[in-house]
Amino acid sequence: MTPRRLTSVLIANRGEIACRVIRTARRLGLRTIAVHSEADREALHVALADEAYPIGPAPAAESYLRADRILAAAARAGADCIHPGYGFLSERPDFAEACAQAGIAFVGPPASAIRAMGLKDAAKALVAQAGVPVVPGYHGARQEPDFLAAEAAAIGYPVLIKAVAGGGGKGMRRVDGPEDFAAALASAQREASGAFGDPRVLVEKYVLAPRHVEIQVFCDAHGNAVHLFERDCSLQRRHQKVIEEAPAPGMPPEVRAAMGRAAVEAARAVGYVGAGTIEFIADGREGLRADGFWFMEMNTRLQVEHPVTEAITGHDLVEWQFRVAAGEPLPVARQDDLAIRGHAVEARLYAEDPAGGFLPSTGRLLALELPAGEGIRIDTGVRAGDSVTPYYDPMIAKVIAHGASRDEALDRLAGALGRTLVAGPRSNVAFLKALAEAPEFRAGRFDTGFIDRDLAALTGAGASHDAEVRRGVAALVARARPAPGPGPASPWDADDGFQLGQARRQAWPVLVEGEAREAVLHWPEPGTGGSLRVAFGDEAAAAASAAGPMRVVETPRGVLVVSGGRQVAVEAPDPFDVDLDHIDDRGGTIKAPMHGRLVEVLVAPGDRVVRGQRLAIVEAMKMEHALTAPADGEVAEVSAQAGQQVAEGARLITLKTEDAA
Ligand code: ADP
């Protein structure tokens, strides 16, 4: 392959990965071309790129997964190459082929290699032929329940049923004995059909105390192939990676060499070119051993967790990808010229609610502070003020820490997470910090079951937030009645419950996380220099808090008090009081005031409504918000259905108002 000069790249992705690719492309002097859905018009990746092209509505199936629209944008922009990032079209062989047909270089492996590794059963057979250890199991075509049960018995329990077309842990079931096999099989097949449109499964030995150790490989079109060492991704929740690190704790050099060799063999077996990752599962009961790891699958793309490899090797993997796509040889083609420097960890910061089953949490990022610091790298695709929408992966950022030792890297990670502020959507920052500080994990004693075994402690479930609530109430009070100044001229001017001879008490109703509570305000005696104290019920008003530093972030309805990575919403008590900024009453258009779920539509086209009448209810962050008619009129159109997710600003109902008529 003769090198060709690449001068421009279209990034067929969004979010942090699009931003990360743009950064390297720009450094290499490439013109950068973004694509975006309607929901991403103002996204960071669009702002960073030199040019941007719209490719369709918010749902990924109508935009980021539309190969035809992306190729049309590439043609219009005159892009030399397309970088797919990860997810979306990155592992679609048809897309790689379509790029080639359009004369555009695909920054990724050949379509044939993607295809060969695409199905877990075929991939396992192929690499086993090349001498790579695979997990003992049945990877064949037969799918009759009795046959598979017999295979499971032959393999020996516990076994793992996996979807052949799997990904993201879907269609996966651990089975501990023959009596549970039939039910587990049926449910794995159901889930696989639903998720991948392919019910086929394979059955393999369930590896005990499993550790997920993967090897970064890189191949060029000149026959060079190297590995860039391993990453340990054993810190998982429900088979999804949470914290990744490189190198793997307790990795003996001879095991690393054996895994690296096996990974390079697996890549060679499919004629691989570009960046790829070979995932192994290792038996962690007695540490990592050369005879204790097995091939699981190959990811034929850049991985989310590639930054930890970049940190310990000092090489920019995206730069390598561009060079290989241009037909150049690998920047480092000899294995012996690569070395590990220090230790790196990455934490995936998500807009999700650890206390609420890790459900994604959408909405506007009212505040976002991502820390800088020695050895800290942040990869993000959002800024304060941006919204986390229900359409895409709710990742906010990756926080990567590099240090001379594992302890130093983890200390830096925990420190950085402690300085991270996310307000608006809930986030897993406190959970990640607890993980980075967990003694067993710090000691290197963990496997893929670590998080699920200790979930309650790690999510801080049931932790008290009284101090935050008191602080929130004080902030609301200050907002409602600005600083008392020198004090009322006469006690009779005060309207705050002043009573002669007693503490100045006042009841103050609030909503704490949507729940009605009554705070009692204890005002200081005028002239004593004391400050307001807030109490609930009989609790001692003075109970001073031992909480850490708190931050108060204003919201349209109240405040969010953020402390230790958790937030508490303290709001004014009228839940049906709609934020009028969000209603365009001249046009009679009722829009969703925030991202959420439309719980109920209370009117139908043709209905007459009066000003203030409730029209619909939107639920967001576990709170219901009623939308009311801004004026008398008639319902002209209802544009959304109950049960639907709605994005902030989406038109829900149109009124023909009296004054507009
Ligand atoms: P997916 O493609 O759905 O992500 P993988 O095959 O990559 O599935 O496996 C995901 C995770 O499931 C692994 O990281 C590991 O934690 C667990 N796992 C997979 N295979 C086994 C096995 N044979 N024994 C124990 N755990 C396994």
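Contact in this note means heavy atoms within 4.5 Å. Welcome to the structure; the points below go through it place by place.

1. **What you are looking at.** This is a predicted model, in which local features need pLDDT of at least 70 and side-chain atom pairs count only at pLDDT 80 or more, while totals for chains, interfaces and linings use all residues. Residues are numbered from 1 along each chain as its sequence is written, and side-chain values use heavy atoms, with hydrogens and water left out.

2. **Confidence.** The score called pLDDT is the predictor's confidence in each residue, from 0 to 100. Its mean over the chain is 90, and 92% of the residues reach 70 or more. Two stretches call for care. Residues 485-494 stay under 50 and have 4 contacts beyond four places in sequence. Residues 541-545 are also below 50, with 10 contacts in the model beyond near neighbours in sequence. Where pLDDT is low, the predicted coordinates should not be read in detail.

3. **Domains.** How is the chain divided? The parts are domain 1 (8-107), domain 2 (136-205), domain 3 (208-341), domain 4 (346-462), domain 5 (466-480 + 503-571) and domain 6 (580-660). These bounds come from an automatic or database domain assignment. Taken over C-alpha atoms, the centres of domain 1 and domain 2 are 36 Å apart.

4. **What the record says.** An unreviewed UniProt entry carries the annotation "domain: Biotin carboxylation" for residues 5-456. That span is 33% helix and 26% strand, and its end C-alpha atoms lie 54 Å apart. The unreviewed entry also has "domain: ATP-grasp" for residues 124-326, a span with 33% helix and 31% strand whose end C-alpha atoms are separated by 30 Å. UniProt positions follow the numbering used here, feature names are shortened, and annotations may be inferred rather than shown by experiment. Helices (H or I, at least four residues) and strands (E, at least two) are DSSP runs, numbered from the N terminus.

5. Which residues come nearest to the ligand? Of the 22 residues around it, they are Lys 120, Gly 169, His 212, Gln 236 and Glu 297. Here a residue is near a molecule or strand if one of its heavy atoms lies within 4 Å of it. The side chain of His 212 has an N or O atom 2.7 Å from an oxygen atom of the ligand. For Glu 297, a polar side-chain atom lies 2.8 Å from a ligand oxygen atom, and for Glu 279 the distance from a side-chain N or O atom to a ligand oxygen atom is 3.1 Å.

6. **Helix α10.** Why is helix α10 described as largely enclosed by the rest of the structure? Because 8 of the 8 residues of this helix (residues 306-313) are buried. Buried means under 20% relative accessible area, exposed over 50%, and partly exposed in between (1.4 Å probe, protein chains only). Among the buried residues of α10 are His 306, Glu 310 and Ile 312. Gly 314 follows α10, with a positive phi near 75°.

7. **His 227.** Strand β11 (residues 225-237) holds His 227. Is His 227 buried or exposed? At 8% relative accessibility, His 227 counts as buried. Leaving aside residues up to four places away in sequence, His 227 touches Ile 215, Gln 216, Val 217, Gly 260, Val 264, Gln 335 and Leu 338. A polar atom of its side chain lies 3.1 Å from the backbone nitrogen of Phe 229.

8. Pro 133 sits in the loop between α6 (120-129) and β6 (137-138). With a relative accessible area of 31%, Pro 133 is partly exposed. Not counting residues up to four places away in sequence, Pro 133 touches Phe 293, Trp 294 and Phe 295. Two other prolines follow cis peptide bonds: Tyr 157 to Pro 158, with omega near -5°, and Ala 246 to Pro 247, with omega near -5°. Pro 158 belongs to the loop between α7 (145-155) and β7 (159-163), and Pro 247 to the loop between β12 (240-246) and α9 (253-269).

Note on methods: Polar contact = N/O pair within 3.5 Å; in protein donor to acceptor, adjacent residues only side chain to side chain.
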